[in-house]
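Try each task before you read the solution below it.

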Amino acid sequence: MAKILAVDDSASMRGMVAFTLRSAGYDVSEAENGQVALDTAASSKFDLVLADVNMPVMDGISMVRQLRTRAEYKGVPILMLTTESNTDKKMEGKAAGATGWLVKPFDPEQLLATVKRVLG
Amino acid sequence: MSSISVTQFHKVFFEESLEGLDAMEAALLALDEGGDAELVHSIFRAAHSIKGGSATFGFPDMAALTHEAESLLDQVRDGRRAIDKSIIELMLRTVDCLRGMFDRAQGGQPLADADSESLKRQLAAAVGNNVPAAASKAAAKPAAGSGWIIQFRPHAGMLAGGNDPLRLLRELAALGQLVVEAQLDRVPTLDALDPSECHLAWRIELTGAVSQDAIKSVFEWVEDECDLSIEPLVAAAPPPAPAVEAVVAAPAAGAGGSAGAARGPAGSSNDAGSVRVAIDKIDGLIDLVGELVITQAMLDQFREDFDPSRLAMLQHGLAQLARHTRALQESVMGIRMLPIGSVFNRFPRLVRDLSQKLGKQVKLDLVGEHTELDKTVLEKIGDPLVHLVRNAIDHGLETPEKRRAAGKPEMGTLRLEAFHRGGSIVVEISDDGAGLNREAIIAKALQKGLIKSGEGLSEEEVGELIFQPGFSTAAVTTDLSGRGVGMDVVRRNVVDLGGNVAIRSRPGQGTSFTITLPLTLAIIDGLRAAVGGECYIVPLVSIVESVQLGADAVRSVTGGGELFRFRGEYLPIVRLHQQFGCANARQLVEEGLVIVVEADGTQIGLFVDELVGQQQAVVKSLEANYRRVDGISGATILADGSVALIIDVAGLIRLQSRRKAA
Amino acid sequence: MGGKSKHDARVSIPADCRIADVGALHTQLRGALESSQIVLDGSAVDRVDTAALQLLVVFQREAKQRERQVQWAQVSAPLHDAASQLGLTEALALPAKKPA
């Protein structure tokens, strides 16, 4: 099953994402900030990365930028988890190399639909 | 998939949000004192997280309020607006209001109230937009024509960014009938090709009753990464499509609806106290368990065939087992340990509000926030600390005028410091105020009949007076300190935690309270004392010294009490065999031993048969297993399986003084 | 079939043939162009993306220009579907029908 990395400093948000995806059979790893995510993504290759924007230590945008410099993450879908008020952040994330975004708030159904859409 | 409920994440959402609010408050207060831009970011981050979470987990009222707060913070963050006192004040009120909302959310009550609604309007007014009327939903979808011609030319970098045209075309195919024509005019030679760049383009005919919005949403993520045109299929001219409206995600109605349902049974189980444990602590535990397993395996070898020549190895193994067990015990206790910072965090706000109210200038120094305390101690130490801090600002620190007159800086300093000392945690609350008002205290004590004369009382003795029940010196009872709680209650709370409070005061220079607390309530270090056939544990922290007395060293006093001279003072003797009714105990003073113990600054001697040894005792509640016994704080189980009672030194001293007074 | 050095080349397309890994295929295809007869084996392909298909399209075009004979040994269903979706069946010279 596809491997997904969920990156969010909020344990509840991360927990919801991970739980939902695991229930659907995906293999999910979690990271609480961009730095941890980079380390995790180095030890294992993921098919999809879901990343919050605002995080301490390393934010989601910097994380995407760095992840995209790695050859093995070329073309791997990375979605920013952002709020609708953050239109600039969506574009900033895209410019850094994100594939797209998922607008908070989202419910488990929306999350699964988007993940399925991206993973095909 | 609707079986997935988000309510199971409510508890952790509440926890992290309350922590976020604490951090937000701390940052706001720091900002109030001229902090930097990073503080604004951290405040924004906290608000942003709460907003996202509350919307996701079905708390729209909370999301609406934080949305306004976030918008205001966003303006500050972007530099569109300078931070000022009014914004900080508004944000602090938002923090308070959200705390209230979380309280109500945990109780399953409606979140919004008049205050929160009014605050939301004020925030919105500050942002400069009125609370929006019901969001203008996109108008009805345009009537769909018979189809569209889509010209799609990705930019070279689109593939590397994770958007595969293959996926986009598949999504289009789900909308209607597709005729796809690939355009190869721009592809380079094989040698020149960078295979991760896209040089293909497509002309796509899509037939079917499809709205332009539906097509645009397929390309939503790649608008900036491709050249795209969407034209109606010729012959059928559909009405011009309106500009695409910003997509507003529907609120998670399902989540909100199920929130109430999950409340009942889940609520009660959630009330059980929980501790969040850092991963490295758990990893440490796992390592230790691993070591134990290895040691156990090593010791296991001796079971098969034991050869006396291997005695040294056996001893080594046992020593290792003892070491690991001890380390494991410490680590497990460590799980209950939390940094005192979580209690300290509430003081910046308290100090700010109080000092403003009283017209005093106070600088708060917090030191040693990372010092860890047992969770139970931590939960109970908050109130005594609040009381001492209030007292310090109310009574200790002077007004700026008085300080100036005394040649001191107008801003007073209040310092909270926590640190380890021996097996204890020490929390000191000190101010550089006027110190105790000796005359006022003595006058009050005389009036209350606590003392007969103020002559020759040392500073310490005067300080002790304020811990007496019913003592209060404030000329005017302010609403700050005058809450019916005196210093005697502070001391009792601390003593109940197995600690004590001492005061030190220097006229004109300040006052400092020192609270000493045990590291943990669950295990104590104690001396095992034999009395008759029984065993008692005397907590090591209370022990001053143990002495053997000659028969002539003890004086009987009228009323049946006994005194002995120790370091120039006469101390009462409590015979444990009499106190607890032990048979067959030694009766003659010269045959037994007197343990000098101290609590609350008072010393007494405990008469026992002999000392058996030192040991750690795991404290079991006597109340829970039997009933409360005066002078006993709990019980423990000894290595041989028998039960020993643990002496409550402070309790015995209180009993003794009552007896004296009677 | 392989082994006739310069005249024969066989390129097996990997099961996971997507952007992060197309570099190796790129090298292989460039080498294959030196041969006069080239067989592409697409039987193993399970996951394929636009980057990989674009590479094969460029290869086919170049092979044609250089008058190489390219034949598909087998084409897996995922490869066929992807090519068809992107309108590249013809440019890739895929057999019209999926192999049995």
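**Exercise 1.** In this predicted model, find which residue of strand 11 of chain B is the bridge partner of Asp431(B).

*Solution.* Start with the strands. Strand 9 of chain B, residues 424-431, pairs with strand 11 of chain B in the antiparallel sense, and the pairing runs over eight bridges. Now go to Asp431(B): its bridge partner in strand 11 of chain B is Thr511(B).

**Exercise 2.** Work out how strand 10 of chain B is joined to strand 11 of chain B, and which residue of strand 11 is the bridge partner of Ala502(B).

*Solution.* First, the pairing: strand 10 of chain B (residues 500-506) and strand 11 of chain B are antiparallel, with seven bridges. Next, the connection: the two strands form a hairpin, and three residues lie between them. In that turn, Gly508(B) has a positive phi of about 80°. Then the partner: Ala502(B) is bridged to Thr514(B) in strand 11 of chain B. Finally, look at the covering of strand 11 of chain B, residues 510-518: seven of its nine residues are buried.

**Exercise 3.** Decide whether Gly433(B) is buried or exposed, and list the residues it touches beyond four places in sequence.

*Solution.* Begin with the location: Gly433(B) sits in the loop between strand 9 and helix 16 (438-447) of chain B. Count next: Gly433(B) has 26 C-beta neighbours inside 10 Å, so it counts as buried, since the cut-off is 20 or more. Beyond four places in sequence, Gly433(B) touches Ala392(B), Gly396(B), Leu397(B), Glu398(B), Gly412(B), Gly510(B) and Thr511(B). As for Ala392(B), 41 residues separate it from Gly433(B) in sequence, while the C-alpha to C-alpha distance is 8.0 Å.

**Exercise 4.** Find where the annotated residue Asp52(A) lies and whether it is buried or exposed.

*Solution.* The unreviewed UniProt entry annotates Asp52(A) as "modified residue: 4-aspartylphosphate". On the model, Asp52(A) belongs to strand 3 of chain A, residues 48-52. Asp52(A) is buried because 28 other C-beta atoms lie within 10 Å. Leaving aside neighbours within four places in sequence, the contacts of Asp52(A) are Val7(A), Asp8(A), Asp9(A), Gly60(A) and Leu81(A).

**Exercise 5.** Describe how helix 1 of chain A packs on helix 5 of chain A.

*Solution.* Take the geometry first. Helix 1 (residues 11-23) and helix 5 (residues 108-119) of chain A meet at an angle of about 60°, with their axes 10 Å apart. The crossing is right-handed. Then name the residues: helix 1 of chain A brings Val17(A), Thr20(A) and Leu21(A), and helix 5 of chain A brings Pro108(A), Leu111(A), Leu112(A) and Val115(A). Sorted by class, the contact has six nonpolar residues, one polar and no charged.

**Exercise 6.** Find which element gives the most to the side of chain B that touches chain A.

*Solution.* Count the residues on each side: 32 of chain B are in contact with 32 of chain A. On the chain B side, the elements giving two or more residues are helix 1 (10-32), helix 2 (37-56), helix 6 (165-173) and helix 8 (253-261). Helix 2 of chain B gives the most, with eight residues. By class, this side of chain B has 16 nonpolar, ten polar and six charged residues.

Notes:
Residues numbered from 1 in each chain as written. Chains lettered and ligands numbered in written order. Predicted model: local features only at pLDDT ≥ 70, side-chain atom pairs only at ≥ 80, totals over all residues. UniProt positions renumbered as here; feature names shortened; annotations may be inferred. Helix = DSSP H or I, 4+ residues; strand = E, 2+ residues; numbered from the N terminus. Buried ≥ 20, exposed ≤ 12 C-beta atoms within 10 Å, placed from the backbone. Contact = placed C-beta atoms within 7 Å. Pairing = 2+ DSSP bridges. Axes fitted to C-alpha atoms, helices over the stretch in contact; angles between N-to-C directions. Left-handed = near helix turned anticlockwise from the far one by under 90°. Nonpolar A, V, L, I, M, F, W, Y, C, P; charged D, E, K, R; others polar.
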